[in-house]
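Work through the exercises below with the sequence and the model side by side. Try each task before reading its solution.

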Amino acid sequence: MASIINQISFQNFFNYYGSFENNTYEFSKGVNIVVADNGGGKSKFFNGFLWIFYDEILDSDTKTRRNIKNQAVKICSDKAKNEAAVNDLIECNVAIEFSDNRFRYRISKGFRIKKSKTNSSLTDSSDWQVFFKDLEVSKRDIQLLEFHEVYDEDEHKRILNKLIQPNLREYSLFQGEEVDKLIDFNQADSLHRAVKSLTDINKYDELEKITKYVADRAEKDLNERVASNDAASLNYLRKLEEKDKKKNSLESELEKLESYEDSYAQNKEEVGKLESLNENAEARKEFDDKIKDQNAKLKAFKEEYDRLVEKLNERFFDGNFGWIAMGCEKEVSSFKEKLNTYRELRTLKKAAVLSEDSNSQINLLPPDSPDSVTLQTMIDREHCYVCNREAKKDSEPWKHIASLLNRKELGQDKSIQIFKNDLNDFFGDIQLGAQSYVGRIGGIRQSILRTREKEQELLERITKVKDKIKNLKDERSYLIIGDEDNMNDARQIMAQYKGALSRLQKAEDDIVKAKNRINSLNDSIRKDENELGRMRPQDTPKEYELHLDISSNLRDAAQRTRVRVFDSMIEKLEKEANQHFQNLVKYNELAGGILKFEKNPRGTIDFKYIDEEGNEVTGASEGFQRMKVLAVLMAIISVNPYGYLYPLLADAPLSAFGQGFIKGFFEETEKVFPQSIILIKDLYDRDSENKLNKLGNELMKNESVSTIYLNQIPKNLKQVDVHTEHKKIK
């Protein structure tokens, strides 16, 4: 029958101020729950069990376990110490009662502390004297009422182990994050060790070793007997020697196999440890590559934007753009009108000046008049090329041409100043210089708009790329462990991971080859044994041969049985684990994956978490990770034909769970453990009338939940007066 914790009592232990009677919790089979808010005494409650089993408590400041003897003054209730007078003795004790099918046992540990001076510190051990008591153990028949003390120390140990076996305490007694350590899937032997601890698979290993020893001994006895017989032939002795050499080779191969298996285990563990780091490093490198590409794009966009901005001023004066002329459409028309008016007035003014008497001798040649060379030709040839008529020498036309040629000699090229400041050329230059601008005035606004759109487009691209870089860096920051962000280290991790994978594959190949050689040697040895059987002298005692035949058959049967039972167990483990896992996560919105168990070349168990298509699932939430561990733990217990005979005590094992996970956990725990005592905050609601949340009230109605206690700290107390009060609400 399983051991069941009936009650636990505290006396001045941390916040549990007062006598045993005021701090006793009674439990029964099934699910027992202690609900408490932060500081409500959950961890202190759990420390009572640590003290009983290990003489240790968990220091909440350092998160490490410390020996009780160095922490006695701190453990004792501050309220009790504060109320004590000088030389007063304060009792600090923890007592647990549990039962099996015949007896009820009581185990208690404690000490007294004595106040040595008036102003003693509540925490300084030098101000107090500590007197430790021996472990007290007593028992009574389940049908009787009176306990009888047990004095034998070996019996003390046996009774304590009866509560929870030493090798199983880590699976029955854990706090919060320790759930993750129950089975570390990254450690090659963690799962196999749990299987060996929680099942009877070890007996098949022992049976194989025993039968092998018996068979080897029977063979040795027979061979020694035959070798001492003078009737033994030389061929028999040679064959026996040949077989012995093969057996030596077999031993050598077995040693190599063990070495390869050790290498496999070490590299498997290294791969497991580096796997997440490698994924992290690869992901960081992937992000770095993406960030590098985006930085290159950002640089190109910025350079294009800078070139655009630098050329904005040029576009005001560049004839290809002519932006400076924007809005000057009316000015062009006005300029033309004013220029025409000016030229008309200028022509009139020029004509008036030339018509003055002082300028009557000045002959003004019309535009496009012949030059002096042409005039001389016309005189020589007596022909006017202007009007294309004959001009005979000394005729009036000829004389006129001659007078034009001789104007300089006659003083008729006299230069006169018509205008003091003639702006005709100036205005012409303006018109000529502005011509390229004038031609683009109509498209300037569109040109500016296109430039502005280009600028906005580049700015938007720059912003988008910057945002993308920021998002990539933010995502990448989640991959940084601590303050480390050294990609050289990341590359080293990737190299180590690849190396470990390569070594793991080599070890696996070596194991397969070694097993093939071992099988081949075993086959050859068996053939030799059959041949030796035919070659033995007729007078060999039959009992030797019979002993060898029986022991060899037993050895072979034990080997086959161990393999068969182990393979069958893996199959059952996978089935049970998935059933437990689905039950544990059934109230969660996200469906879980599939738990996969495989026998590895070393003969131990590999674990994988895959989806329906067989792809490995990574990055599961902390809740799912813990549910995987609990599902596998429950599966190992479930495949044990004897079940689990010890209680489960867990402090805040559900701290990373949502309400769906918590509900599934309580429902499934009752199916596996004969008794569970769960210390939990996640059912507490300070605003509720009964201090339970919705799920807590649902569990109040659940038949599998046998007991619920509520821990509370009275309000508005000084630190030295703080104490835990509890009440049974179910």
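**Exercise 1. Find the bridge partner of V31 in strand 18, then describe the strands around it.**

Step 1. In strand 18, V31 has V705 as its bridge partner. Helices (H or I, at least four residues) and strands (E, at least two) are DSSP runs, numbered from the N terminus.

Step 2. Strand 18 covers residues 705-712 and pairs with strand 3 in the parallel sense, over 5 bridges. Two strands pair if DSSP finds at least two bridges between them.

Step 3. Strand 3 also pairs with strand 17 (residues 675-680), again in the parallel sense, over 6 bridges. There, G30 has Q675 as its bridge partner in strand 17.

Step 4. Strand 3 (residues 30-35) is mostly covered, with 6 of its 6 residues buried. Buried means under 20% relative accessible area, exposed over 50%, and partly exposed in between (1.4 Å probe, protein chains only).

This is a predicted model: local features need pLDDT of at least 70, side-chain atom pairs count only at pLDDT 80 or more, and totals for chains, interfaces and linings use all residues. Residues are numbered from 1 along each chain as its sequence is written, and side-chain values use heavy atoms, with hydrogens and water left out.

**Exercise 2. State how many helices and strands the protein chain has, and what share of its residues is buried.**

Step 1. The secondary structure comes to 21 helices and 19 strands.

Step 2. The protein chain has 730 residues, and 41% of them count as buried.

Step 3. Now take the contacts with a separation of 6 or more: 71% of them are between residues 24 or more positions apart. Contact means heavy atoms within 4.5 Å.

**Exercise 3. Identify the residues with the most contacts inside the largest nonpolar core.**

Step 1. They are I33, F45 and F666, in a core of 109 residues. A nonpolar core is a set of buried Ala, Val, Leu, Ile, Met, Phe, Trp, Tyr and Cys residues joined through side-chain atoms within 4.5 Å.

Step 2. Helix 19 (residues 622-639) gives the largest share of this core, 12 residues.

Step 3. Look at F45. Leaving out residues up to four places away in sequence, F45 touches I8, F10, Y16, Y25, F27, L649, I677 and L679.

Step 4. A second, separate core has 15 residues, among them L250, Y264, V271 and A514. In soluble globular proteins, nonpolar side chains tend to be buried together.

**Exercise 4. Decide whether N23, S108, D567 and N716 are buried, partly exposed or exposed.**

Step 1. N23 lies in the loop between strand 1 (4-11) and strand 2 (24-26). N23 counts as buried because its relative accessibility is 1%. Its contacts include I8, F10, Y16, T724 and H726.

Step 2. S108 lies in strand 7 (residues 103-115). Its relative accessibility is 11%, so S108 counts as buried. Among the residues that S108 touches are I52, V94 and D134.

Step 3. D567 lies in helix 18. At 33% relative accessibility, D567 is therefore partly exposed. The C-alpha atoms of D567 and I605 are separated by 9.9 Å, and the two residues are 38 residues apart along the chain.

Step 4. N716 sits in the loop between strand 18 and strand 19 (725-728). N716 counts as exposed because its relative accessibility is 80%.

**Exercise 5. Locate the positive phi values of G603, K691 and N716.**

Step 1. Strand 14 (residues 594-599) and strand 15 (residues 605-610) run antiparallel, joined by 6 bridges. I594 has I610 as its bridge partner in strand 15.

Step 2. These strands form a hairpin with 5 residues between them, and G603 in the turn has a positive phi of about 95 degrees.

Step 3. K691 lies in the loop between strand 17 and helix 21 (694-700). K691 is not a glycine, yet its phi is positive, near 65 degrees.

Step 4. N716 is not a glycine either, and has a positive phi of about 60 degrees. Most residues other than glycine have a negative phi.
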